[in-house]
Amino acid sequence: MKFYSFLKTKAIFQILLVISLAFFMSVRSPSAQAADPVPGCCKQTTSGESCVDTTNQSQCAPGKYSPSSCSLTAGCGQTGCCVTTDNQCSTATTKTSCDLSNGVFHEGISCTALDVCKPSCCVVGNNCNMQTTYSCTNLGGEQKPELGTEQACTNYCSSTTSGCCSTDCHYGLASTCDSSTNFYQNIQCSKVSSCKEQCLAHHHKQCGDDGSAYWYDSCGNREETAQLCDPDGRHGPSTQCLAQDTGEVRCQSTDCATTWDNPVVDEAGTTDGGDSTGADLTNDHLVRKNRDSWCEYQAAVGPTLDLPGTQHYRHYCERGQEKVDPCGPDRSRICIYGSVQLTPTDAKAMGICAPNKGESCVACNDQNCCEDPNKKCVWLSSNKEEYKQKDGKITAKIPLTYDSKEKELLIAGERESFSSPDAISKAEFRLRGSESKTLSFSQATKTSSKNIDTYLFQMQLSPGDYTLLACEKSDTKDDNCVIIAQKTITADSIKELTQGKGYCVPFVPPARSSQCTTINSKLVYPKAAYWEEACIGTDWSCTEGCDVYNNDFKKGTNSLCNAYGDCGAKYNLAGVFSSTGYQRDCSPGGASYKDINTQCPAGSGVIPPGTINFEEYKYAKMGLNILHLDMTALSEQGTSTTTILAYSLGGLGGLSLVAGYVGATIAVGLAGAGTISFQAALSAIGYVVSFGSVGGPVGLIIGVIVILVIIAAAVFFYSCSPNEYRDIAVSCSAWQPPRGGADCWKCHTPQSQGGLLPDAFAFNYTGTGPLPQYDCTEQLCGSLGSFCQLTDTPQGPRCVSNDPQNVVPPNIAVKNVVFTCNDEVPGQVGNCNLEKDGKVVVTGELKEFSSVNITLTTMNADATRDEVAACHYALGIEHRDDTFENMKPLEVGNTLSTTHSLSFANIGQNKTINAYILCQDLNKNTMTTPLPITFTSARQPDKTPPTITRFYPSIAYTPALATTFPLTIETNEDVPLGTSGGCRWSSIPNTPFNHMNYMDCSSGTLSLGPTCSTTLTNINQTQQTFYFRCQDTAEPTHNIMQQDLLYSVQKTSALTLNDLHCITPLGNTCDPTMYGTAFNLTLTTQGGYAQGTSVCTYQLDRSVPIEFFVTNTTSHQQPGIRPTAQDHILAIHCADTIGNIANTTLAFTFMQDTTAPHILRATIDDHLLRVLTDEKAMCNYATNTTASSYIPFATTQTIMHATPLPGNTFFMIQCEDIFHNTGSPTKITIL
Amino acid sequence: MQKKGQVTVFVIIGVLTLFILLFIFFVKDAAFERFTRSPNVEAHLQTELDGITAEIQRCMHQETSKALQELGQGGGYFTPIHTLTFYGKPFTYLCTIINGKTPCVQQLLTRTSIETRLNQRLQTTIPTCMKLQGYKNKDYTLTTGTFAVSSAILPRAVLVNATYPLTLTKGPYEVRRTTYSLSVVAPLGLILDGVHDIINAEASDNYFDPLAYSFLKQSTYDLAKHISYPHRVYIVKVYGSDYTFQFAVEGVRAA
């Protein structure tokens, strides 16, 4: 009884305990949550950013905090197009951001839908380009909204003649000249009589927009080509016009003379397509032309092949420099490259990072779905290709593609302009050849994608050569039609596949595992093997279809699994195999098959190491090189290289960006889309069974074939005894990295050091200059080991092992110690040695007041690799037992790093310095014993004065007008602080120390010696030298530098404005009164920092300042200033890079002459009729009163006009000035 | 006796003449200075004013250059809040993810907004930089007014205009100056146009193609694109200039 009572009591106690704990937890829970930061939104931060999620309200500007996340905050949750007051269109902005910029917000609308944001024709000089209103205004152009297409815009410039307009002596379109009589078609202004005085020919050279060098006249009009450059190397090496430092303007090579030779890629295309050993991978280093682009890969690429952690890279050459554009470590974009045919003899290497749309592939169950060009999938099947022929004819497919954006029809290498889609239907397309056919739009299959409509005509044709004609429907004669394509329809050109079992896989596996399990339902093979019980005995054995139990079956189905992403069993880039992710199941669904273990012993479901050869995945060879596709496919397909290339380029994306450049070539591809299946294309490069060269798909196909054979065989065979079909299934799941973290370091290490990054683009970053272009990525790091974790350091991303079981602290290695031994008595001389094994100890004595710089590297436990860590230090022997937390961080911000440095700028004298360093790794493992640092400065009386170790800035240039210059110096030992004269300066050499000017001195830091600052004054000479001396703090007598240390300040000459011209019809001087409708402003600058190179701006009547159209040089031009007819003030301001400025102001009255010229006098002199006008004019005369046909004076366009006296005695004379003011006819009768 | 009196008179006249000559000799410099004083004072004041002007312009140039470098490093902001750390350095997000969806939503980076921030910075730093102590406590009175600054970002330069009324007075003489202007050569305006194009592309297509842009802009920009997954980092320069503008675009991890 007692026992039961005890149990009851215990039960009650336990119930109460549970209830009380539950209550306690429920009470604690909210408080624990309350400690979490509340997410909120800064509608505007203190620094001006808008809509930033934050947990720190103090980051928000006053009154700009919202307690909910930005997506739920009014203004931040609303997105749309913002149009600012200067018509700049910004897509996908928040309302808050737009409001803060005083823009007009269009919620939920793309900027492309707004007229103000749509590009229209912008005319600048005689150039026509499509520009937005914002850009056109900035270019100083004139916008013509009525010309809404590129073609119309280009036509406008090409159809409108250019020439010199003598009204204001500018060269441009005829339409920009106010008078046709003043327009001189195709004549340079320097050759037009009324302009040639002010517009001197070949005044200077400048680089043009097209990259060539041009002559310019002194009015700023472009003249003929001075030197034709070839920016894209279409006729040889690529060259581009560049202004040299000397001021010379000329073409300069922009070729990339030698490019990186990726050891796993055959950039030169010399691979024979065979196995990896046949690939010629080390012969590249190609010369690339400017803006050539190509692809580089880290390993094999293509269906089933890409390894976990790898990505594609596009390389390109720009201005002689090889650049890298990473396509994305998640392989959301893939690199495809080839050659774009610009002209029949000129091709350009071009690669793109195209979207990887492989995710939709798994949903396709048939070949038609899979080969939809928008999907970019590959159909893997065991089916054979068959050509459907009927009565000697084949089924031909002819595509026509219409680009509604460009308003062009695209077919087989030609573009035809069609103003609207309706125009297509008004045309008739005829096929002429072995047969004559008319293509019927009503029977065409139309597919649309963005701006591209493709009409696919399908018909029975006899093989042969055909010409495609585009005709007007009303015109029945072929002679008037435009030949837009010539095609050869051969039996090989169309292939149709019989439908059967296959798999639709991504062209390139994405770097993710979300789809791995989705194909498991397709990896169940019912009745795959046939088993029989022995006629004698009870043992079961497999008799047919037993290959499904072999490794080949596993390899094949694993390849299929690999195709959908980082799935199944795969190698990583370091060549380590991980079988997790693939499992063959011989007893699917829990089936209990007798004696199954004879074929499927325990553990045989995985792929054993060594089954798959890493060599098959190591080399990318030519990768996704479309040119290579063409080389093998051409003979079979009868289709052009560019067709295949553009099919991929156009279809895979990036069309709009490259279309402007490749022009018609892209069109070829679009037109060709559909004529070549991916199946056919891939067959050509051996991705599919019939040409199989790659282990993965081969195994798959073999596996599939085997299964089908087994199924078929099973129907015909029986055994003598009990028998059964047995199922088999495969489980595909996410690939798992190998356990551990031993290879993490390879992610950020150059190949020459055993790592995975190319040496050419993965140098050690020291904190300045451009960043390396290949980085360790999160994906690559994660693929190298289950404990690998990416962390950012000042040296770049580092992949480190974060093994939770790792309790070993980092090692610290002494990389470098820089010190100076004492070399004079009475201090200790000699025996000055560095001991750096587990410590930094310098024996003997160091030179007093010298510096010591220590560089350390943190390493892993066995000191074989660098390891990121945070390091702290403490100074003084009394701090040797300080904890890591009590020490000071070595790095700013306590960042993780592999390299750590400790500098002592000034070690003083007679001092022993003890310092201690502790480092802590990512797992918070801290060194148990600090690294001791010990050294002693020379123990001798301080008899030496301080030394000035550095001037800031090291080189001094001042503007011409400046008479002062701020300067800071650094010394090697302590000097009296403040303005007590620790360091002093003078402009006179050997000035007594107590007569020199005092500097303001501050004490140094650990890594920086004491500094003294001052402002040097009275700088009046071109090169002025200043003299510096310092004293130390030695007692009782300070040591004073006996010699001056010199520092020179270069005073630049004044920046001057010269050759200021206001070019009007009446001249080129900037007169107080100028006549015309517009004028060109030109000037030159001289002097200053760089021989007059400066940036000039002008301001008319204190309006917004405008940079000159041509500036940042010595010759500045601004065409087309159009003031109103009134008084104006024009302020011109130029500045060079160091602050020299030059200003001038013009006050002028701008007038338009509205008065006709008056005839002041008419005389007859020496058989000449002479007329004097009160202004420059052109005078004509007629000899009858009707004045029907005026004849120009022989000498006119001046104020004195003369012409030989005709036989008549009566004249009508009429004069017109250059502003087209025409006077009334004046009658003159000779008596 | 009469002759003696004549000698005395002449002696007296001679002594007086000597005194007069000595007086003239001693006072001629002072008299000359008195007559020529006014133009000297004005010229002196003007020289001093030129020195002060040069100092103001030096500070305008120095502080504007420094501020432009900071703006370039901070993606158009001085102390940005929302940044990505890459190579141990902060990169400001100019296109951010809201609600976890791509493409990103852009920070509107207009010239006007940057000019405003630049003005606020210069309003503080230029007066701090100016060392005018050497011009005070001299034989003239230096009177200063309120300092105000405004900037304009142009394609290849930044124009800075300041107003700072200065008056140097000595007796009846006075020289004045109020406005100062200079431009700092930095292609910030040109770069901002490029940055705007990059962000527009990222915000609409979730992608920017640096090579296609090079074709479009005739290799005007020296662009470097890096990926710090899932974010992108851009470092933008203009060929021929060392001025650097850098920023980040926020991305989202693939599912």
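Predicted model: local features only at pLDDT ≥ 70, side-chain atom pairs only at ≥ 80, totals over all residues.
Q: What phi does A:Asn87 have?
A: Most residues other than glycine have a negative phi. A:Asn87 is not a glycine, yet its phi is positive. The value is about 70°.

Q: Which residue does a cis peptide bond join to A:Tyr952, and what is omega?
A: Most peptide bonds are trans. Here the bond is cis.

Q: Where in chain A is A:Pro1036, which a cis peptide bond joins to A:Glu1035?
A: The cis bond between A:Glu1035 and A:Pro1036 has an omega of about 0°. Look between two strands, β61 (1023–1030) and β62 (1045–1051). A:Pro1036 lies in the loop between β61 and β62.

Q: How many residues of chain A are in contact with chain B?
A: Contact here means heavy atoms within 4.5 Å. On the chain B side, 66 residues take part. On the chain A side, the count is 89 residues.

Q: What area do chain B and chain A bury between them?
A: The size of an interface is often given as the accessible area lost when the parts come together. For chain B and chain A, 56% of the buried area is on carbon and sulfur atoms. The total is about 6300 Å².

Q: Which residue of chain B forms a salt bridge with A:Glu778?
A: The rule finds 4 salt bridges across the interface of chain B and chain A. In the one with A:Glu778, the closest N and O atoms are 2.2 Å apart. That lies within the 4 Å cut-off for a salt bridge. The partner is B:Arg253.

Q: Which helix gives the largest share of the side of chain B that touches chain A?
A: That side divides into 31 nonpolar, 23 polar and 12 charged residues. The largest share is 7 residues. They come from helix α1 (residues 2–73) of chain B.

How values were computed
Residues numbered from 1 in each chain as written. Chains lettered and ligands numbered in written order. Heavy atoms only, no water. Buried area = accessible area lost by both parts, 1.4 Å probe. Salt bridge = Lys/Arg side-chain N within 4 Å of Asp/Glu carboxyl O. Helix = DSSP H or I, 4+ residues; strand = E, 2+ residues; numbered from the N terminus. Nonpolar A, V, L, I, M, F, W, Y, C, P; charged D, E, K, R; others polar.
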